[in-house]
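User: Hi! I'm new to this one and would like a quick tour. Could you walk me through it?
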Amino acid sequence: MPALYNWQKSSFSGGPEGNCLEIATTPAGTPRLRESDAPDVILATGAQSLAALLHHVSELNRWQKSTFSGGPQGECLYIAAAPDGTLRLRESDDPDVILATGPQGLAGLLQHARARGNG
């Protein structure tokens, strides 16, 4: 396949080498997406669809530092809400491990943490 596009690594990429989302536009301005580990598979999309995808991705990545954070070594617990209402938790020292739960599950976890902290 000839090099028709000037591919650029997306700012949404951040994994190890080979795990990159790349973006380019056609001469007419139509966005194209591909993964760096499968460069021959190219997704053609419109500007509005790409904007919706980027909005969805940014919503998924709104991690907030929990008030339960602040240990002596900088240990932090982060929480994010997915569009489907699922709550996700991760630790700062291992951000690739994500615990997904619902509001009731989180309430139970917090109740358990409070009980252990007081006892």
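Analyst: Happy to! Reading along the sequence, the protein chain runs β-β-β-β-α-β-β-β-β-α. Please keep in mind that this is a predicted model.

User: Thanks! How many helices and strands does the protein chain have?
Analyst: There are 2 helices and 8 strands in the protein chain.

User: And how much of the chain is buried?
Analyst: Of the 119 residues in the protein chain, 20% are buried. The accessible surface of the chain is about 8,600 Å², and carbon and sulfur atoms account for 53% of that surface.

User: Let's pick a residue. Where does Thr26 lie?
Analyst: Thr26 is in the loop that links strand E2 (21-25) to strand E3 (31-35).

User: Is Thr26 buried or exposed?
Analyst: Thr26 counts as buried, because its relative accessibility is 11%, and the cut-off for buried is under 20%.

User: Which residues is it in contact with, sequence neighbours aside?
Analyst: Once neighbours within four places in sequence are left out, Thr26 contacts Tyr5 and Arg32.

User: Switching topic: which residues form the patch of negative charge on the surface?
Analyst: That patch brings together Glu75, Glu91, Asp93, Asp94 and Asp96.

User: Where is Glu75?
Analyst: Glu75 sits in the loop between strand E5 (64-65) and strand E6 (77-81).

User: Why does Glu75 count as partly exposed?
Analyst: Its relative accessibility is 38%, and partly exposed covers values between the buried limit of under 20% and the exposed limit of over 50%.

User: Last one: what share of contacts is between residues 24 or more positions apart?
Analyst: Among contacts with a separation of 6 or more in the protein chain, such pairs make up 17%.

Terms used. Residues numbered from 1 in each chain as written. Predicted model: local features only at pLDDT ≥ 70, side-chain atom pairs only at ≥ 80, totals over all residues. Heavy atoms only, no water. Patch = residues over 30% accessible without salt bridge, like charges linked within 9 Å, V, L, I, M, F, W, Y side chains within 5 Å. Areas by Shrake-Rupley, 256 points an atom, 1.4 Å probe, with all protein chains shown as cover. Salt bridge = Lys/Arg side-chain N within 4 Å of Asp/Glu carboxyl O. Lys, Arg positive; Asp, Glu negative; His and termini not counted. Charge placed at Lys NZ, Arg CZ, Asp CG, Glu CD. Helix = DSSP H or I, 4+ residues; strand = E, 2+ residues; numbered from the N terminus. Buried < 20%, exposed > 50% of the residue type's maximum accessible area, 1.4 Å probe, protein only. Contact = heavy atoms within 4.5 Å.
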